[in-house]
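Good morning, and thank you for joining this group meeting.

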Amino acid sequence: MNVRQTTIPPATPDLGIRVLYMVLFAVVFWLLCWTLAVTAVVQLVLRLLNGRPNPDLTRFGASLARYARQIIEFLTFVTETVPYPFATWPVEG
């Protein structure tokens, strides 16, 4: 005797809230792109003047790149984890 069992789908976050987060992080991503562009230009100028890249700007750029990845993964539904400031800042790893 086959008894049909209904399965309850896993709880998903409210789509309306996610849409608001997505709009917010789309704006944050736009600002982040400009920040990365300025960082790259400043790094280029420092490299031309000093002969080597600035290590602090290198770490800053790498950190922004990891943050950009978190935002992209959230916006494209790869993850449900909301990026910083709702989670911790991405660490090197």
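Predicted model: local features only at pLDDT ≥ 70, side-chain atom pairs only at ≥ 80, totals over all residues.

**Aromatic contacts and their surroundings**

Y21, F25, F74 and F86 form one aromatic cluster. The rings concerned are those of Phe, Tyr and Trp (its six-membered ring), which pair if their centres lie within 6.5 Å; planes under 30 degrees apart count as stacked, over 60 as edge-to-face and the rest as tilted.

Residues are numbered from 1 along each chain as its sequence is written, and side-chain values use heavy atoms, with hydrogens and water left out.

Let me turn to the overall architecture. The protein chain has 2 helices and 0 strands; helices (H or I, at least four residues) and strands (E, at least two) are DSSP runs, numbered from the N terminus. Of its 93 residues, 18% count as buried. Here buried means under 20% relative accessible area, exposed means over 50%, and partly exposed lies in between, with a 1.4 Å probe and protein chains only. Among contacts between residues at least 6 apart in sequence, 61% join residues at least 24 apart, where contact means heavy atoms within 4.5 Å.

How many aromatic pairs does the structure hold? There are 7 aromatic pairs. One of them joins Y67 and Y84 edge-to-face, at 6.3 Å centre to centre and with 80° between the planes. This pair links distant parts of the chain, since Y67 belongs to helix α2 and Y84 to the segment after α2, 17 residues apart. Y67 is buried, at a relative accessible area of 6%, whereas Y84 is partly exposed, at 36%. Y84 is also joined to P85 by a cis peptide bond, with omega about 15°. P85 is found in the segment after α2, the helix that covers 55–75.

The segment after α2 also holds F77. Phi of F77 is near 65°, a positive value in a residue other than glycine, and the residue is partly exposed, with a relative accessible area of 46%.

Which residue lies over the face of F77? That residue is R18, at 3.8 Å from the ring centre. The charged end of R18 also sits over the ring of F74, 4.1 Å from its centre. The criterion requires NZ of Lys or CZ of Arg within 6 Å of the ring centre and within 35 degrees of the ring normal.

Q43, in helix α1 (residues 15–50), is buried, with a relative accessible area of 15%. Leaving aside neighbours within four places in sequence, Q43 is in contact with P53, N54, L57 and T58. S63 lies in helix α2 and is buried, with a relative accessible area of 12%. With the neighbours within four places in sequence again set aside, S63 is in contact with W89 and P90.

Finally, the surface. The accessible surface of the protein chain comes to about 7400 Å², of which 68% belongs to carbon and sulfur atoms; accessible areas come from the Shrake-Rupley method with a 1.4 Å probe, and for residues only the protein chains shown count as cover. Thank you for your attention.
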